[in-house]
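Me: Hi! Could you walk me through this one while I have it open?
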Amino acid sequence: MDRAVNMDSFLAIYNTENEELIESFIKLDDNGYNHEDRIGMSNYELEDLAKLFNNLSSVLNASQKNGYYLGFKVSAGLCEEFDILRFSNYSVLNIELKHTIPSRGLVSIKDQLIRHRYLLSVLNKKVNLFTFISDLSKVYMLTTENDLIEVNICELIEFVDDDYLFENELSHKDLSDLIISPYSQPKLFAEHVYFLTNEQSEISKKIFNSKSRKIGLIGGAGTGKSMVLFDLAKKYQNKGLKVVVIFCSPLLEYISISEQIGVSVIPIVNVDLDNLTDYDVILVDEAQRLWKDNFDILWNKNKELIIFSADHQQTLHPAEKNLNIEGYLKNSKEALTVELRNKYVLI
């Protein structure tokens, strides 16, 4: 059962500097504590939390100091962690802690808060999202238009309701509905009603910013390879490039999917691989299913950017196993190969 903390109680424990007492607090009140590996909040995270709570404690009333859930992790098909959550009757408050500016700067902060808004939207409440950067003593807020703006502590306090709930509402929600497939739910994908994990978002950005003309996207079943491919397809289209997704298995509804998503999606059996010069970007999904002659044609193209998505564990025919396209991509000096490691969807 998730536990909420009182702001002043945490500060009292933290200020003792008693390591055993602080460790006991972490075990009891860090909702993301891993009891098997005995891993919880780091010293930096405790320091950042104490700094934020010190800034808030002197100006909040007794009720506003209650109801804070720390380190809650979503793991039901998705993988995301919330540093601080507080639930009230009509809104939910999320505050993320950063010891310093992330390597990707404010873009990284904005992306995280947008993901959190998407997840918290299942509560059908007003969602208030902030990030506190400890070493700069700065606070950023994500507006309803998804703009990231700097605010001060007093402005953050305006979003701390007097009332609070004695439960973590998010822990009771089934978030599997937020997991979509561009093939089975193309309309939702087209409307950008989908979620990329932090790993998927980073991989997508790495590929999009790469100068390589051949790229391998590797990952096991459920890691979200197709989602990343289609996210990239939209990005390339927005850049003015012509994109095609080649699906290396049967796909009966490919015309309808193409129309709804706005990207040309064609099963391999319907593609003339020698006549793809109209496209700037070729995305090959389920590439481990390619036969050697088809793979050779695609591999030898030099004009187009080609991205192969593959998982050797999902090969079916002995010829596919022997060809081992995943292994070829990993060992090739011509290709950039990136790998998704964390499972994302419910299999």
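Reply: Happy to. Bear in mind that this is a predicted model. Let's begin with E326 and K330, whose side chains meet in a salt bridge at 3.0 Å, N to O.

Me: Where do E326 and K330 sit relative to each other in helix α12?
Reply: Helix α12 covers residues 325-331, and E326 and K330 are four residues apart in it, so about one helical turn separates them.

Me: And is E326 buried or exposed?
Reply: E326 is buried, because its relative accessible area is 12%, and buried means under 20%. K330 is partly exposed, with a relative accessible area of 42%.

Me: How many salt bridges does a search of the whole structure find?
Reply: The search finds 10. One of them is R115 with E80, where the closest N and O atoms are 2.9 Å apart. That pair links distant parts of the chain: R115 is in helix α4 and E80 is in strand β3 (residues 80-87), 35 residues apart. Both R115 and E80 are buried.

Me: What about E169, which residue does it form a salt bridge with?
Reply: With K125, and the closest N and O atoms are 2.6 Å apart. E169 lies in the loop between α5 (153-157) and α6 (186-190), and K125 in the loop between α4 and β5 (126-133), so the pair ties together parts that are 44 residues apart in sequence. E169 and K125 are both buried.

Me: Which strands is β8 joined to?
Reply: Five bridges join β8 to β12 (residues 305-310), and the two run parallel. Five bridges also join β8 to β13 (residues 336-340), again running parallel.

Me: Which residues stand opposite I218 and I215?
Reply: I218 stands opposite A310 in β12, and I215 stands opposite L336 in β13.

Me: Last topic, the surface. Which residues make the nonpolar patch?
Reply: I101, L106 and L136 make a nonpolar surface patch of about 220 Å². L106 lies in helix α4 (residues 106-120), the helix that also holds R115.

Me: Why does L106 count as partly exposed?
Reply: Because its relative accessible area is 36%, which falls between the 20% limit for buried and the 50% limit for exposed.

Terms used: Residues are numbered from 1 along each chain as its sequence is written. This is a predicted model: local features need pLDDT of at least 70, side-chain atom pairs count only at pLDDT 80 or more; totals for chains, interfaces and linings use all residues. Side-chain values use heavy atoms; hydrogens and water are left out. Patches are made of residues with over 30% relative accessible area and no salt bridge: like charges are joined within 9 Å, nonpolar side chains (Val, Leu, Ile, Met, Phe, Trp, Tyr) within 5 Å. Accessible areas come from the Shrake-Rupley method with a 1.4 Å probe; for residues, only the protein chains shown count as cover. A salt bridge is a side-chain nitrogen of Lys or Arg within 4 Å of a carboxyl oxygen of Asp or Glu. Buried means under 20% relative accessible area, exposed over 50%, partly exposed in between (1.4 Å probe, protein chains only). Two strands pair if DSSP finds at least two bridges between them.
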